[in-house]
Amino acid sequence: MSDSFVSNGPLVSVIIPAYNIEQYIGECLDSILVQTYRNLEIIVVNDGSTDGTGKIIKKYNSEDERIVPVSHEKNLGLFAARITGVEKASGKYIMFVDGDDTISVDWVRMLLRCAETNDLDMVVGEFADDFELEHGKHSKEYINLDPFRINDFDLKGDEVFTAFLEQGCSFAGWQVVWNKLYRRELWEKNLSVLKEFSDEHDHMLMWEDLVFTSAMWKSANHVMNVHGVYYFYRQRITSSINQACNKDKVDRYVENVASALAFLESLVPSYDEEMQNMYKKLKATASSIVFHLINDDVEDKERIVREYLNFHDEFIPQENIDFIRITRTNMEDIFDCEEKIKKTLSSDDIKAVSFDVFDTLVMRPFVYPPDLFVVLSQKFNQESSSLTNFQYMRIAAEQDCRQKCVEGEDITLSDIYELLANRYIISATRLNKLMEYEKQLEIDCSLERKFGKELYGLALDCSKEIIYTSDMYLPKETIRSILEKNGYDGNNRLYVSSEIKLTKHSGNLFKYILAESSFGKDEMVHIGDNYYADFEVPQRLGINAFQVPNAFECFAGTTLGHEGGLYKNVFGNNGTLIEDVGNQFAWSQSLRNAVGIYINRIFDNPFVRFNRSSDFNLDPRVIGYSVLGPHMLAVAKWIVESACEDRVSTIHFVARDGYLIKRTFDTINHTDIRSNYIRVSRKALLLADVNGPEDLYSLNKKVNTLNITPKDLVKFLNPIVKDGVSRDNISNRLITESIAYGKRLEKEANFARCMKILIEEYLDFSKLETYKEKLREYFLGFVKPGDYIFDIGYNGRVESALTKLLGFPIGVYYIHVNDDTANDRHTMAGCKCRLFYPVKPCITGVVREMLFMERGPSTIGFEEKNGTMEPVFEEYNVDYMPEMILRIIQDNALSYVKEYEAIHGKMGFGYRFNPVALSAPMEYLMEFSKEFDKRIFKLHRFEDDANGKHDMSAYDFWIEECGFYNIDVEKKSLNDLGETPEQELARVYDSLTYKIGSVFMFIPKLVRRARKKVMKR
């Protein structure tokens, strides 16, 4: 590999500070020396160690010249040690590894490739906690909500430092120095100021990383992140982070934090108010972190923190501070499988890497590959006057062809179509067109498998000879076109069973390859998805082989690391959540296609374990792509079809709940129906159907009048409050009647007394008609007779109020209604209503709305500006982590919809699925998701002034709703019920899929059953 990228790419300087870590430094160095990337300068700074650390460094230096030992005569601290390493470094790039930590085998190459490909100043990777256990064992656990795990960052220019400030110290991965690769120029630019800081703050005890990374984030112009490789951060009892809170070190510890924050503040432009506010939020979080880290038995710890950090606000609760870091998943042995593949593939002993093609390097967007033949049926029927099931004919022909195969070990596509020609009276021209169409379909449908592409890239970087092998009936040139379309070099050797008439399954194709090659069987590694043909057979022949299970196996729970909860509980044979979805999944190719889209995306890498207490892995990407995205697609399809039947010209999607569904509608709508986003809410229209004082009592059907405060009530009635009346006037008057302005009314009598005072003393009803006329003119500017609105539900307030205001009925599309109130309002107003769900789901409201809604302020009213009415918005505070989680969920939902549209929408598959069946994962999440997954909304505060819900998290509301319906939020997985890892492994080995590969998975049961019935006749 002397001429390979891994040997001759840019020099990377790896800096390792080491102080009294003789029991760890060897393991650290070993993890670096076995990196797939070889061109390293490993600078080990012995910071005045008094144990055997220096001797171990010297020993490693004698064995590998890449190790460069540097020593401090006395202990100067981590900050100074890192600066010494930077001054010694000569690489184009610099990275840091603490001497008691380790890195995964492909860490350096993956970060470097990203930097080189995209011309980056900095690359960020994921990290996992490495917990020390008894008897020398470890527990490596990735962090489910690590922002660098669930996000794809591509920050440029001012976005870089803004993102760093905006995250507000929410996760250590932003601040630590060791999970990043840096262009050396970044450090050269900041070295003098960092050395000056080091001289002024001798031997920092804690938070020195914030100083380093603040300077880097400020100076970088382009930053991205990578996935799938890890920095393993050792968690040990004696680590400095746990010692830092002893009484004798508290003052110094807090002083260090104050110094680091002051350094960061010096980088924030004083003229930029937005950035200054971001810094204040960051400081509040940092101060709270420090407060909670200090032991409770330290006297006056609150006073110490407040004085040193000049912090006077409330501390953030510890459960919110720790939330991200404590949501972890044990990687167990499954990640070691991936590490072993990469170590073997990059070994000097390996000369060639053989890749299976289908389900390894490329994927089809189907659960069952024969579902592609549905398109062939559509093509066939375009020239027919009646409907013919050509899909079944094509599958049966292939099966019979294989049974009659006498020439060699495999068949060709031509053989299949020749049998069709002999069996049916169909013109040769027509069959030939279908065969050519099938080849093109295979090319058009193919998608790269990202994990396969990653292994392929590693093989390329290691200058291995790459070979493609496939047991496949398709012609060699078709498969070559598929590979080239998906970014694989078509010039590599390609062996196809249909051409050579030898298969991997028999082992003869591997023997054929070896006979044609200059390398031996022990110098070759084969990688594929089929357990028997791609793993067991080559292993028997003495070839290094690894199975990379396909995505559906992971989804179905037949592989180690995945239990398949969603599949088994929703789409499996026992799936009975709604409308017997399991049965529909077996029979409906359209539903399977819609599901197949997210199976391929989510389970691309089979070596990422899902948390045992989870179905969705507490991952906003998974929830967005496999739950919300399909539901959005289903609802949008229903809206399009309903609007066509109703002959609607414009649909107005109501803010904020209509935000995501409008974007989905706009993606799949190919009709002339227009869409509009309308700023309105029940709060904003409370007065739209009020004509006088008596009508104000209708508020008890519009809001929960017992849970709101007089302050809320005055805010709703603001348009008709008398001129010159202040809130203090009203508050003082209510106090004389023993009604507190800011306290909930709680009783109907209090509401009545409060309303009586407001009506008699503070409201001007002469302003009401003028206000309503202005409002009417505003809405008539875009709402026309025959238009419909879309809202999530529930009680008919918005459309009935608009109908009365405008003088013509407004139809509505709802997800569902809660009770008869909506029907009563619609009957009174003459509104037509269609429901996606004819019955109310158990779990409604907060969580469902949160997934649908725009991340922004609610419309609380309208006011006149420059002669026109404009929406008035409530105050909206952005909290980084909740905002980020919702953004990722919604972005992935839209990605799902766009990918479905790009593949199935344009290929002729269309939108023939049952919308309610496709929404089954959504209802499963709502009602039966495990507590671990529900934590995704732990930080989301729920605000509903109209119903008086204050200071409650969406998670708490969700749990409360589940409790009301007696839904068990602690639903157990197999492992929760006591299945050991050994039992889990035995279950995998005993599964039919694992024993005989995935061949039967590719043939739907319904086809096999139908074939048996025909044969019996």
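## Terms and model

Helices and strands here are DSSP runs, numbered from the N terminus. The model is predicted.

## Helix α35

Helix α35 covers residues 766-780. With 15 residues at 1.5 Å each, α35 should span 21 Å. Its end C-alpha atoms lie 22 Å apart, which agrees.

Which residues of α35 are buried? They are Leu768, Tyr771, Lys772, Leu775, Arg776 and Phe779. Looking down the axis of α35, these buried residues fall within an arc of 140°, so they line one face of the helix. An α-helix has 3.6 residues a turn, so residues three or four places apart point the same way. The face turned away from the buried side of α35 carries the exposed residues Ser766 and Thr770. The cover over the buried residues of α35 includes β20 (674-678), α36 (797-806), β24 (859-865) and β25 (868-873).

## Two cis peptide bonds

The bond from Ala655 to Arg656 is cis, with omega near 0°. Arg656 sits in the loop between β19 (650-654) and α31 (659-668).

Gly793 and Tyr794 are also joined by a cis peptide bond, with omega about 5°. Tyr794 belongs to the loop between β21 (788-791) and α36.

## Two positive phi values

Leu618 is not a glycine, but its phi is positive, near 45°. Leu618 lies in the loop between α29 (589-602) and α30 (620-646). Is Leu618 buried or exposed? Leu618 has a relative accessible area of 0%, so it is buried.

Asn866 also has a positive phi, near 55°. Asn866 is found in the loop between β24 and β25. The relative accessible area of Asn866 is 82%, so Asn866 is exposed.

Conventions
Residues are numbered from 1 along each chain as its sequence is written. This is a predicted model: local features need pLDDT of at least 70, side-chain atom pairs count only at pLDDT 80 or more; totals for chains, interfaces and linings use all residues. Side-chain values use heavy atoms; hydrogens and water are left out. Helices (H or I, at least four residues) and strands (E, at least two) are DSSP runs, numbered from the N terminus. The expected span of a helix is 1.5 Å times one less than its number of residues. Buried means under 20% relative accessible area, exposed over 50%, partly exposed in between (1.4 Å probe, protein chains only). The arc is that of the directions from the helix axis to the C-beta atoms. Contact means heavy atoms within 4.5 Å.
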